[in-house]
Amino acid sequence: MATSTRRRPKLAVWKFSSCDGCQLQLLDLEDHLLDIADAVEIAYFLEATRATARGPYDLSLVEGSITTRHDAERIQKVRRQSKVLVAIGACANSGGIQALKNFADHKEFVRAVYARPEYIDTLATSTGIADHVPVDFELRGCPVDRHQLLEVVSAYLAGRKPNIPRTAVCTECKRRGIPCITVASGTPCLGPVTQAGCGALCPGCGRGCYGCFGPKETPNMANLMAEFAALGRSEKGIRDSLRLFNANAAPFREESQRHDD
């Protein structure tokens with residue numbers, strides 16, 4: 001009697017404007033990657049293989065921001081082909097470091113960087129995936145934490161919600177026994193308003209968090225900026241801190257603009 005074989009879910013990994021760092025985190029899963037390969041059909045992942053399979057796709061992981069008209073058109077096609085779409089990393093969530101151009105004249109940047117700027121076709125802004133299509137989940141980080149990435153993939157394959165912490169980086173400092181660098185040395189730190197997930201990497205090295213995992217739930221930005229001012233941070237310094245944070249956390253653009261005014 002013939003036996004039926006279970007269809008493996010199709011996984012696709014897409015790149016937009018980015019450095020590829022979040023895709024590399026998936027490849028760095030090493031032995032776990034073999035388990036993923038057994039559980040899914042890797043249908044599209046050009047960072048890993050030239051072999052591709054046509055959609056639709058059960059799970060799409062999207063890295064990178066939307067910075068060109070072609071990007072804006074292609075992400076619509078990706079969304080239509082994807083049952084579940086997960087934006088991975090700061091670029092895909094809110095534009096990434098390249099979103100710093102959102103606060104300036106992008107044409108001036110193009111003229112300064114490229115010898116033939118007339119050949120460059122780019123949007124005036126760098127924006128996250130959710131600014132263009134519905135996103136089922138956003139995984140934070142620059143790059144994402146590979147263990148969190150594994151949790152997200154495993155969760156969607158199992159049909160459950162990913163178990164990702166929403167607390168502040170400060171909680172990770174406490175777990176690691178790292179003294180608060182703001183209290184101990186007067187170093188401005190965005191840890192109180194930044195989502196955990198990095199393992200308090202920067203505070204562990206004696207420098208302030210700059211918010212690459214984006215905002216935690218209900219961050220108290222007003223009080224933290226008042227603390228920055230009390231520590232002697234200038235208006236320009238506060239603005240620059242917010243702008244870098246905004247490159248990883250779109251909800252704070254209005255806060256930064258208020259400081260500009």
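## Contacts of Val-86

Setting aside neighbours within four places in sequence, Val-86 is in contact (heavy atoms within 4.5 Å) with Leu-59, Ser-60, Leu-61, Val-62, Phe-137, Val-152 and Tyr-156. This is a predicted model, in which local features need pLDDT of at least 70 and side-chain atom pairs count only at pLDDT 80 or more, while totals for chains, interfaces and linings use all residues. Residues are numbered from 1 along each chain as its sequence is written, and side-chain values use heavy atoms, with hydrogens and water left out.

## Nonpolar cores

A nonpolar core is a set of buried Ala, Val, Leu, Ile, Met, Phe, Trp, Tyr and Cys residues joined through side-chain atoms within 4.5 Å, where buried means under 20% relative accessible area and exposed over 50% (1.4 Å probe, protein chains only). In the largest such core, of 22 residues, those touching the most other members are Leu-26, Ile-36, Leu-61, Val-86, Ile-88 and Leu-139. Elements giving two or more residues to this core include β3 (57-63), β4 (82-88) and α6 (146-158), helices (H or I, at least four residues) and strands (E, at least two) being DSSP runs numbered from the N terminus. The largest share, four residues, comes from α6.

A second, separate core of 16 residues includes Val-62, Val-78, Leu-85 and Ala-87.

## Helix α10

Within α10 (residues 221-230), the buried residues include Met-221, Leu-224, Met-225 and Phe-228. Viewed down the axis of α10, its buried residues fall within an arc of 100 degrees (taken from the directions from the helix axis to the C-beta atoms), so they line one face of the helix. Ala-222, Asn-223 and Ala-230, on the other side of α10, are exposed.
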